[in-house]
Amino acid sequence: KPGEQKHPQEPSSLQCMHLAVVACGDRLEETLIMLKSAVLFSSGRLCFHIFAEDSLKPEFETKLKEWPSSYTKKFESNIYPITFSVGNAQEWKKLFKPCAAQRLFLPVILKDVDSLLYVDTDVLFLRPIDDIWHLLREFNSSQLAAMAPEHEIPKIGWYSRFARHPYYGSTGLNSGVMLMNLTRIRSTQFKNSLIPGGLTWEEMLYPLYQKYKNYITWGDQDLLNIIFYFNPECLYVFPCQWNYRPDHCMYGSNCRGAEEEGVSILHGNRGVYHDDKQPTFKALYEVIRDFPFEDNLFQSLYYPLQSRFLDTVHTLCGRIPQVFLKQIEKTMKKVYENRVIVYLGANHKY
């Protein structure tokens, strides 16, 4: 079944929700805050797969060990070097942003993992990973990956206006949040523009890059768009609230799912956590960063968020605070209720 391990001899990972991230350069803090948001709100066990430059490995190990035991017992982590199994490693490493192309090789490297959620370092979970993990069950027999559209409106979309290569659908895909059934990816023969017959994922990557490298702007994301242009039946498209970016509010609110349900996963691309262009995104990042693990979620996270959002109402994204707060409020209530139930059960006070 999707989301389950293939190898029963690995009991510690049987029930894991596998989360992968690639961190190079100055992305240590961002990655740790992303992992923190995952641990804060998720209820199931997590397995982190962190691909990092050698210089970052000891820092990741040290920082993760500093977290309280009540949280470290919820996950296990593995840290891997940056490696590329086919083609020129230096070319891959320099594609778009440092090491970003590593995500293309996850099906090849993580051979014993059945399903996986990949996210960029600048992602924050505002609800349990369990919820997006359950989308694996909605894949039909041909679907093997899930991503959200790059834009909701074709006339303002980057791909529809500027792309010089094939891309998925009318607006292209954003690869910052990508849910994958790795078992299916490894066993599929993909249609392509290289040869009449199919190629495996690993066989296809480097020739595809060589063919389109002079036409791609967004690196590995463009390659994924090309792959799913030729194999649209392989993709499950999830709605924008699972990959909510500044583009969804900086030109006016255009993510209906977030308006109705709230943001599920926040993607602070364009560096918005670290400048003052989108203070609503920056506020969420900084409040989660500064949250003391053992403190009350409402007192030390939700109320500071409300207060910080009051200072952003003059911005287009800040005018719709309920979009950012709705899902996180619901999630915190669940976390609180679960802790109360556990506490009462342990003390036999019914």
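**Entry 1: H1 against H2**

I began with a helix pair and found that H1 passes H2 in a right-handed crossing. For handedness I used this rule: a crossing is left-handed if the near helix is turned anticlockwise from the far one by less than a right angle, and right-handed if clockwise. Helices (H or I, at least four residues) and strands (E, at least two) are DSSP runs, numbered from the N terminus. H1 covers residues 28–41 and H2 covers residues 57–65. Their axes lie 11 Å apart, at an angle of about 35 degrees. Axes are lines fitted to C-alpha atoms, for helices over the stretch in contact; angles run from 0 to 180 degrees between N-to-C directions.

Which residues in H1 and H2 meet? On the H1 side I listed Leu28, Thr31, Leu32 and Leu35. On the H2 side I listed Glu59, Phe60, Lys63 and Leu64. By class, this contact has five nonpolar, one polar and two charged residues. Ala, Val, Leu, Ile, Met, Phe, Trp, Tyr, Cys and Pro count as nonpolar, Asp, Glu, Lys and Arg as charged, and the others, Gly among them, as polar.

**Entry 2: the model itself**

I noted that this is a predicted model, where local features need pLDDT of at least 70, side-chain atom pairs count only at pLDDT 80 or more, and totals for chains, interfaces and linings use all residues. Residues are numbered from 1 along each chain as its sequence is written, and side-chain values use heavy atoms, with hydrogens and water left out.

The protein chain averages a pLDDT (the predictor's confidence in each residue, from 0 to 100) of 89. I found 91% of the residues at a score of at least 70. Over residues 1–13, pLDDT stays under 50. For that stretch the model has 28 contacts (heavy atoms within 4.5 Å) beyond four places in sequence. Where pLDDT is low, the predicted coordinates should not be read in detail.

**Entry 3: overall build**

I counted 14 helices and nine strands in the protein chain. The C-alpha atoms fill a box of roughly 65 × 55 × 40 Å, taken along the principal axes. The radius of gyration, over C-alpha atoms, is 20 Å, which agrees with the value near 20 Å for a compact globule of 350 residues. The globule rule is 2.2 Å times the number of residues to the power 0.38. Of the 350 residues, 55% count as buried. Buried means under 20% relative accessible area, exposed over 50%, partly exposed in between (1.4 Å probe, protein chains only). Among contacts with a separation of 6 or more, 73% join residues 24 or more positions apart.

**Entry 4: H10**

Is helix H10 (residues 220–230) largely enclosed or open? Nine of its eleven residues are buried, so H10 is largely enclosed by the rest of the structure. The buried ones include Leu223, Leu224, Ile226, Ile227 and Phe228. Asp220 and Asp222 are buried too.

**Entry 5: Val287 and Ser300**

I found Val287 in helix H12. Val287 is buried, at a relative accessible area of 7%. Beyond four places in sequence, Val287 touches Ser300, Leu301, Pro304, Leu305 and Arg308.

Next I followed Ser300, which lies in helix H13 (residues 297–310). Ser300 is buried as well, with a relative accessible area of 18%.

**Entry 6: two single residues**

I checked Arg270, in the loop between strand S9 (265–267) and helix H12 (279–290). Its phi is near 65 degrees, a positive value in a residue other than glycine.

Tyr206 sits in helix H9 (residues 201–212). Tyr206 is partly exposed, with a relative accessible area of 22%.
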